[in-house]
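Welcome! Try each task before you read its solution.

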Amino acid sequence: MNKDIEQIASSASMDFIAKAKSLKTLGIDIIGLAGGEPDFDTPNAIKEKAIEELLKGNTHYAIGKGLPRLREKIACKLKKDNGINISPENIIVTPGAKMAIYLAVRACINPGDEVLIPAPSWVSYTELVRAASGIPIEIPLSPDNNYAIKKSELEQYISENTRMIILCSPNNPTGRMINEQEIKEIIELVRNRDIVILSDEVYEKIAYIDRVISPGSYAELADKTITVNGFSKAYAMTG
Ligand SMILES: Cc1ncc(COP(=O)(O)O)c(C=O)c1O
């Protein structure tokens, strides 16, 4: 057994989802709040298009990075909604954001490299880093400070092995969104350091105030940021 995989804990949210489902099958009236599952159904236009494409026989290998037309559309979306200038060449379509995060970590770090994870955070980041042979370093953010990200606090956790920082906005679980001041602090933090930012923006459409700020839209961060987004939460396509 691979020793990195052996030490990975099972996903706490997946465990609770399984438990709630099994209680439901026993007829127990239970509301599952464990998974980030939207409370609406996948829009009909998406279902109908998927059925149409399946019936057309569009079920074979695509180009590895994803369908060129889809990557072009994603590039347009990132430009229009997020202010991120990226060519379709630099976009990869994966089966879910979780896989994208794993692949990004895997591609950026070597065994023993450290990945900073401001916490509280989504339960899977630490295990995805471990699966990629990295060392997750959780940074406890203070509720007294509304979980604000501060350069001075993050710096205490930086070592010569730090290669990545994972940001999540809107945040799971707090719902908090990164603001301009924090972006300034992050720009200062990664300036002259070999640190990649992984910006998880899967909850972009579940934001109740303002526009989500994408770190990748800042000139100082554009070449250092991998933006992860997906259809699961925005279009109820979690399965
Ligand atoms: C913050 C965050 N990122 C990524 C994911 C995974 O998204 P996907 O279902 O597209 O793999 C989740 C799922 O709960 C999440 O909460």
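**Exercise 1. A pair of rings at the surface**

Is Y235 buried or exposed, or does it count as something in between?

Solution. Keep in mind that this is a predicted model.
- Step 1: Buried means under 20% relative accessible area, and exposed means over 50%.
- Step 2: Y235 has a relative accessibility of 32%, so Y235 counts as partly exposed.
- Step 3: Now try F231, whose relative accessible area is 40%; F231 is partly exposed.

**Exercise 2. Sorting the aromatic pairs**

Find how many aromatic pairs there are, and decide how each one is arranged.

Solution. A pair of aromatic rings is described by the distance of the centres and the angle of the planes.
- Step 1: The count comes to 2 aromatic pairs.
- Step 2: In one of them, W122 and Y125 have ring centres 5.4 Å apart and planes at 90 degrees, so this pair is edge-to-face. The cut-off for that label is over 60 degrees.
- Step 3: Check the surroundings of these two residues. W122 counts as buried at 19% relative accessibility, and Y125 is buried with a relative accessible area of 2%.
- Step 4: For F231 and Y235, the ring centres lie 6.2 Å apart and the planes meet at 45 degrees, so the pair is tilted.

**Exercise 3. Looking for disulfides**

How many disulfides does a search of the whole structure find?

Solution. A disulfide is a covalent bond between the sulfur atoms of two cysteines.
- Step 1: The search of the whole structure finds 0 disulfides.
- Step 2: Take C168 as a test. The closest cysteine sulfur to that of C168 belongs to C108 and is 17 Å away, too far for a bond. The cut-off is 2.5 Å.
- Step 3: Look at where the cysteines sit. C168 is buried, with a relative accessible area of 10%, whereas C76 counts as exposed at 54%.

**Exercise 4. The nonpolar core**

Which residues of the largest nonpolar core touch the most other members?

Solution. 
- Step 1: The core has 20 residues, and those touching the most other members are I101, V105, V115, Y125, I166 and L198.
- Step 2: The elements that give two or more residues to this core are α5 (97–108), β1, α6 (124–131) and β3.
- Step 3: The largest share, 5 residues, comes from α5.

**Exercise 5. Enclosed space**

What is the volume of the largest cavity, and which residues lie closest to its centre?

Solution. 
- Step 1: A search of the whole structure finds 1 cavity of 30 Å³ or more, and the volume of the largest cavity is about 170 Å³.
- Step 2: Of its 19 lining residues, P118, L141, I149, C168 and N171 are the closest to the centre.
- Step 3: β1 (114–119) and β3 (162–168) each supply at least two lining residues.
- Step 4: By class, this lining has 14 nonpolar, 4 polar and 1 charged.

**Exercise 6. Open space**

Which helix supplies the largest share of the lining of the second largest pocket?

Solution. 
- Step 1: This pocket holds about 1300 Å³ of space.
- Step 2: Its lining has 44 residues, with G35, G36, E37, Y203 and K233 nearest the centre.
- Step 3: α2 (12–25), α5 and α6 each supply at least two of the lining residues, and α2 gives the largest share, 6 residues.
- Step 4: Sorted by class, the lining divides into 23 nonpolar, 14 polar and 7 charged residues.

Note on methods: Residues are numbered from 1 along each chain as its sequence is written. This is a predicted model: local features need pLDDT of at least 70, side-chain atom pairs count only at pLDDT 80 or more; totals for chains, interfaces and linings use all residues. Side-chain values use heavy atoms; hydrogens and water are left out. On a 1 Å grid over the protein atoms alone, a cavity is a set of points where a 1.4 Å probe fits but cannot get out, and a pocket is an open set with protein on both sides within 12 Å along at least five of seven lines; lining residues have an atom within 4 Å of a point. Grid points are joined across faces, edges and corners, and a volume is the space filled by probe spheres set on the points. Helices (H or I, at least four residues) and strands (E, at least two) are DSSP runs, numbered from the N terminus. Ala, Val, Leu, Ile, Met, Phe, Trp, Tyr, Cys and Pro count as nonpolar, Asp, Glu, Lys and Arg as charged, and the others, Gly among them, as polar. Rings of Phe, Tyr and Trp (its six-membered ring) pair if their centres lie within 6.5 Å; planes under 30 degrees apart count as stacked, over 60 as edge-to-face and the rest as tilted. Buried means under 20% relative accessible area, exposed over 50%, partly exposed in between (1.4 Å probe, protein chains only). A nonpolar core is a set of buried Ala, Val, Leu, Ile, Met, Phe, Trp, Tyr and Cys residues joined through side-chain atoms within 4.5 Å.
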